[in-house]
Amino acid sequence: TQVGDMFTELTTAYARDDDPELIWAAAPFALKTIDGFLLRNPRDTKLLLAATIGYTQYAYGGLVQDADLIEKTDYDRAVHLRRRACRLLIRARDYGIRGAATVLPGFEDKLRSDPAAALSAAEKKDVPLLFWTACAWGAAISLGKDDPELMADLFIVEAIMKRVMELDEEFDLGSPHDFMISLEGARNGNGGTYESAEKHYRRALEISGGRRASVHVTFAEAVLLPKQKRAEFVAELEAALKIPVEATPDQRLANIIAQRRARWLMDKVDELFLEP
C-alpha cells in the first residue's frame, strides 16, 4: 500500500539522519501513527515491517543505549528505560511475527514446534522482515534474562537468523553476521564459541568493506571483553571511531550510535579490564 511504502521510506530517512536525539524525539509519534494504521489494516506487510523496524530501533538504539550511558549516575532511571525497552521490543517482535505470517503459510503455528519448517518457504524478499523480527526478539531476550519463558525462545531466534543468512547473508552490509557475533559470544561454551563469533566478525568486515562501525564494537564487547584482551579491545574501538559516518548515508545514524558507544566503552576501559 501507499501508506506502507511511506512508512518504510521513513525508516530509511531515519537511518540517514545524523542527529540521534532528533530521531528518538520524533519516533514515538511515527510509531503510534503506524499503530493506528495497523488497526485498520492489520495484515499490511509493509506497515508491519515498518513497525518492527521502528520499535526495534527506538527501543534498542535509543532507550537501551541511553540506559547504559546514564546507569552510573541514575541507576533507577536506567532500570526503567531497560524495562520499557524490553516491552517495546516484544511489541516489535509480535509485529514481525504477524508480518511473517502474512507471507509464510502456517508460520505462527509451526514457529515454536518446528522453526525450520516454519521458515522453509521464506524467500530473499522476506529477509528484512525476518531479520528485524530476530533482532527485536534477540534484544528482548538479552534484556529479559530473568524471564525463563523469553529465554527459552532463543533457539527460535537463532533459527530465524540462520535462515536469513542462507537467503541473504549480505543484507544491510552483512548485519546478520553482527547478530551472530553477539549470539556466539554470549553462548560461548553453551552452544556457541568465540571462534565462531570471530568467523562472523571476519565475514562482516569483508561484506561491509569497513563501512559499519558496529562490527568492531560488537566484536569488542562480545568476544574481546570476556576474553579480557584489552589491547585488542581498544584497537577495535579505535577502528570503529575511524569510520567516516558521511561515507555511507544509509548507515549514518547506525554509525553515529555505534561510535557513541565506542567512546563510552573507551572511557570505561579501566573498569572493564582487570589488568592494564
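Predicted model: local features only at pLDDT ≥ 70, side-chain atom pairs only at ≥ 80, totals over all residues.

Colleague: How do you know what span to expect of helix H10?
Modeller: Helices are DSSP runs of H or I with at least four residues, strands are runs of E with at least two, and both are numbered from the N terminus. The expected span is 1.5 Å times one less than the number of residues. Helix H10, residues 171–186, has 16 residues and reaches 22 Å from its first C-alpha to its last, close to the 22 Å expected. Helix H14 also has 16 residues and reaches 23 Å, again close to the expected 22 Å.

Colleague: Why is H10 called largely enclosed by the rest of the structure?
Modeller: A residue is buried under 20% relative accessible area, exposed over 50% and partly exposed in between, with a 1.4 Å probe and protein chains only. In H10, 13 of the 16 residues are buried, so the helix is largely enclosed. Asp172, which is found in H10, is partly exposed, with a relative accessible area of 31%, and has a positive phi of about 50 degrees although it is not a glycine.

Colleague: Where does Gln228 lie, and why is Gln228 called partly exposed?
Modeller: Gln228 lies in the loop between helix H12 (213–224) and helix H13 (230–242). Its relative accessibility is 32%, and Gln228 therefore counts as partly exposed. Gln228 has a positive phi of about 55 degrees although it is not a glycine.

Colleague: How do you know how many disulfides there are?
Modeller: A disulfide is a pair of cysteine sulfur atoms within 2.5 Å, and a search of the whole structure finds zero of them. Cys86 is in no disulfide, since the nearest cysteine sulfur, that of Cys135, is 15 Å away. Cys86 is buried at 12% relative accessible area, and Cys135 is buried at 15%.

Colleague: What makes the arrangement of H2 and H14 roughly perpendicular?
Modeller: Axes are lines fitted to C-alpha atoms, for helices over the stretch in contact, and angles run from 0 to 180 degrees between N-to-C directions. Angles under 35 degrees count as roughly parallel, over 145 as roughly antiparallel, 65 to 115 as roughly perpendicular and the rest as oblique. The axes of helix H2 (residues 20–40) and helix H14 (residues 252–267) come within 10 Å and cross at roughly 115 degrees, and H2 and H14 are therefore roughly perpendicular to each other.

Colleague: Which residues make that contact, and of what class are they?
Modeller: Contact means heavy atoms within 4.5 Å. The contact is made by Pro20, Glu21, Ile23 and Trp24 of H2 together with Leu253, Ile256, Ile257 and Arg260 of H14. Ala, Val, Leu, Ile, Met, Phe, Trp, Tyr, Cys and Pro count as nonpolar, Asp, Glu, Lys and Arg as charged, and the others, Gly among them, as polar. By class, the contact has six nonpolar, no polar and two charged residues. The buried residues of H14 include Leu253, Ile256 and Ile257.

Colleague: Why is Ala100 called buried, and what is Ala100 in contact with?
Modeller: Ala100, placed in helix H4 (residues 75–103), has 2% relative accessibility and so counts as buried. Leaving aside its neighbours within four places in sequence, Ala100 is in contact with Phe107, Leu129 and Leu130.

Colleague: What makes Gly138 buried, and which residues is Gly138 in contact with?
Modeller: Gly138 is found in helix H7 (residues 127–143), and its relative accessible area is 16%, so Gly138 is buried. Leaving aside neighbours within four places in sequence, Gly138 is in contact with Val157 and Phe179.

Terms used
Residues numbered from 1 in each chain as written. Heavy atoms only, no water.
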